[in-house]
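Keep the structure open while you read.

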Amino acid sequence: MAATGAGSPSRLVQYVVVRSDLVHKLSWPLGAVITQACHAATAAIHLHYGDPDTQQYLAELDSMHKVVLGAPDEAALSGLSETLTQAGVAHKLWIEQPENIPTCLALKPCPKETVQPLMRKFKLFK
């Protein structure tokens, strides 16, 4: 795990980015949207289960840190996924089936300072 300086360990975080238009414009029930976020977070953990940061994150079960952000629409979510892919940041874009609708994405747990710059344009999900 990377260090933040002065010998302090890096804070591991799992970012989850949810399309806010699902609730505010498309009138999805809030529970359905929360379910999408849960699917994406679980899938990202599963896909990267053997990763050392994921293992450390899971080892600290009672102090896991997640940040849930909102993307305004599908284009912004897909754009973020492309940006993360280009930057080499492991994540899972959740596409709800059978509708084939991208609803959210979740990053694998990683040091906050390594991914926060890529997430800055997104605000907390409301």
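Let's start with the charges: the count comes to 4 salt bridges, where a salt bridge is a side-chain nitrogen of Lys or Arg within 4 Å of a carboxyl oxygen of Asp or Glu. Bear in mind that this is a predicted model, in which local features need pLDDT of at least 70 and side-chain atom pairs count only at pLDDT 80 or more, while totals for chains, interfaces and linings use all residues. Residues are numbered from 1 along each chain as its sequence is written, and side-chain values use heavy atoms, with hydrogens and water left out.

| Salt bridge | N to O distance |
|---|---|
| Asp21 and Arg19 | 2.9 Å |
| Asp51 and Lys108 | 2.9 Å |
| Asp53 and Lys108 | 3.7 Å |

Take the Asp51 and Lys108 pair, whose side chains meet at 2.9 Å. Asp51 sits in the loop between helix 2 (30-47) and helix 3 (52-59), and Lys108 in the loop between strand 6 (101-107) and strand 7 (110-111), so this pair ties together parts that are 57 residues apart in sequence. Helices (H or I, at least four residues) and strands (E, at least two) are DSSP runs, numbered from the N terminus. Asp51 is partly exposed, at 22% relative accessible area, whereas Lys108 is buried at 11%. Those words have cut-offs: buried is under 20% relative accessible area, exposed is over 50%, and partly exposed is in between (1.4 Å probe, protein chains only).

Lys108 also meets the side chain of Asp53, at 3.7 Å. Asp53 belongs to helix 3 and Lys108 to the loop between strand 6 and strand 7, so the pair ties together parts that are 55 residues apart in sequence. Both Asp53 and Lys108 are buried.

In total, 6 bridges join strand 3 (residues 12-19) to strand 4 (residues 66-71), and the two run parallel; strands count as paired if DSSP finds at least two bridges between them. Strand 4 also has 2 bridges to strand 8 (residues 123-124), this time antiparallel. There, Leu69 stands opposite Leu124 of strand 8.

You'll find Val89 in the loop between helix 4 (74-87) and strand 5 (91-96). Leaving aside residues up to four places away in sequence, Val89 touches Leu84, Leu107, Val115 and Leu118, a contact being heavy atoms within 4.5 Å. Val89 and Thr114 are 25 residues apart in sequence, with 9.2 Å from C-alpha to C-alpha.

Finally, the cysteines. How many disulfides does the structure hold? The number is 0, with a disulfide taken as a pair of cysteine sulfur atoms within 2.5 Å. For Cys38, the closest cysteine sulfur is in Cys104, 8.9 Å away, which is too far for a bond. Cys110 also has Cys104 as the closest, but at 16 Å, again too far for a bond. Cys38 is partly exposed, at 44% relative accessible area, while Cys110 is buried at 5%.
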